[in-house]
Amino acid sequence: MKLRKFVDPLPVMDTIKPKKQGRKGSYYEVGMREFKQKLHRDLPPTTLWGYESQFPGPTFEVTQGEATHVKWLNHLPDRHILPVDTSIHSLASQPIVRTVTHLHGSVTKPDSDGYPEAWFTRNFQQTGPVFTRKVYEYPNNQRATTLWYHDHAMGITRLNVYAGLVGAYIIRDKKEKNLKLPSGNYEIPLILLDRSFHSNGSLKYPNQPEDASSELPNPSIVPAYLGETILVNGKVWPYLEVEPRKYRFRLINASNTRTYQMYLDNDHPFLQIGSDGGLLRAPLELRRLTLEPAERADIIIDFSTLNEEMIRLKNDLGEDADPEDETHDVMQFRVNKPLRSNDTSRVPNTLSNIPSLKSNRIQAIRKLKLLGSEDEFGRPLLLLDNKMWHDPVTETPRLNTTEVWEFMNVTNFTHPIHLHLVQFQVIDRQPFDLEQYNADGSMVYTEPASPPQPNERGWKDTIAAPSGQLTRVIAKFSPYTGDYVWHCHILEHEDYDMMRPFRVVTEEEDIDTE
């Protein structure tokens, strides 16, 4: 259905307050509930699932080094509001509604990481096969940055996130505060999502692929899904009234499948100052910004020379886009508010120090394929290194060692690859002859390796691995041992079956596994 653009003001999520604070940190309780919320002026209220009955959920603002303790509470009904395919991951024998929250980008112990099989049902009545604890602990012993939290339950992450279980999490520190970047009312998280709706306001998500045969399970997982509208902070195509001054926007791509290619329609530049793992070494002037699912970007837009202008944040759909596709717009900025005070914020030429991991001793180089196959129904089955989720663990980095992981993408589209626990650095990408590889398995490089894009040279936890390229990243596996996961962050791929466990081991454990 067609919805008019730029008729709703941009909401800004509430900041959640702790129930208790003490020497051991702050304690929160966050309930997941079903509720209704208006997502557009002309839509009836939409039934959603949200943290603290909000979509997106409330924003956490925490201090580096101060532990955050969160009791995630499932108060959801026993039936799902979206179609659940029970033919994958033995879901037919499990409760339909299960949740487990993952703080994306957090460096935390495995029992607080949101392992997919650590799920639980309403009021903890049932728990998953590796259920760990009721109160999660996030140490926040990492750089100031923008993280985000979302559901991670096995086989239904795509549905729980689409239903609304997402929120922002900001870590702050003194160094960043001293930079005097735009702050307060001039610093705004922007959570980007895409959704489709029925005329009654309810969420629209397919029961089956468009070309589904009668032999497919019903419901059946789809290989990807792009919504028909773009939402920012829970509103469809909103507008934001701004003053003629600098603003800081923390962008989070929380969409299931969609990649954004963003620019301002007046070709005004913006400065990127940070990525997944915090501030870059120096600000970068950009006119286009690509964000894969789960990637974040910290940007500054200076509106001081744009008084009385209306500017659209656009999404480049490419030359072959469907002319009926309305998702070429993201939101609108209206530079129509009077300047309340002089803009004393600044963007220094140097933002942070990022030591290279390349000088570390490399303990292992892991060659990992991203490939596609089919299941018994002929559905696409995307895999990591040709292994299913439940196959034995094959990646066992040793604690405090540095490894290079090489993602060899032999599918025909880009996959955003996310590693839990670590922030990594991108080494390079190198294209190879995909047609020849698929013909005879030989690896023939077609160009020299190229360094990462300038805005990929900070700390990352999610990286685009393009088709027909070898993407190399380097990471130090620290400071915890235990079970974590790595996966494609296209949620439809992650759910089936582009996700694998990895285990950080001690030297003694490593010897035992050999």
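Leaving aside neighbours within four places in sequence, Lys-235 touches Asp-8, Pro-9, Pro-11, Lys-38, Leu-39, His-40 and Ile-230, and in this predicted model that residue belongs to strand β13, which covers residues 235-236. Although Lys-235 is buried, it has no salt bridge, and the nearest side chain of opposite charge, that of Asp-8, is 4.2 Å away. The side chain of Lys-235 does, however, reach the backbone oxygen of Lys-38 at 3.0 Å.

Two residues in the loop between β7 (135-138) and β8 (145-151) can be read together, namely Asn-141 and Gln-142. Asn-141 counts as exposed because its relative accessibility is 56%, whereas Gln-142 counts as buried because its relative accessibility is 10%. The C-alpha atom of Asn-141 is separated by 8.8 Å from that of Thr-108, a residue 33 places away along the chain. Gln-142, again leaving aside neighbours within four places in sequence, is in contact with Gln-64, Gly-105, Ser-106, Val-107, Leu-147 and Ile-171.

The backbone also deserves attention, since most residues other than glycine have a negative phi and most peptide bonds are trans. The peptide bond from Phe-55 to Pro-56 is cis, with omega near -10 degrees, and Pro-56 is placed in the loop between β3 (46-51) and β4 (60-63). The bond from Asn-218 to Pro-219 is likewise cis, with omega near 5 degrees, and Pro-219 is found in the loop between β11 (203-204) and β12 (229-232).

Positive phi values occur at Ser-90, where phi is near 55 degrees, and at Ala-294, where it is about 85 degrees. Ser-90 lies in the loop between β5 (68-74) and β6 (101-104) and, with 53% relative accessibility, counts as exposed. Ala-294, in the loop between β19 (289-291) and β20 (296-302), is buried, with a relative accessible area of 0%.

How values were computed
Residues numbered from 1 in each chain as written. Predicted model: local features only at pLDDT ≥ 70, side-chain atom pairs only at ≥ 80, totals over all residues. Heavy atoms only, no water. Helix = DSSP H or I, 4+ residues; strand = E, 2+ residues; numbered from the N terminus. Buried < 20%, exposed > 50% of the residue type's maximum accessible area, 1.4 Å probe, protein only. Lys, Arg positive; Asp, Glu negative; His and termini not counted. Salt bridge = Lys/Arg side-chain N within 4 Å of Asp/Glu carboxyl O. Polar contact = N/O pair within 3.5 Å; in protein donor to acceptor, adjacent residues only side chain to side chain. Contact = heavy atoms within 4.5 Å.
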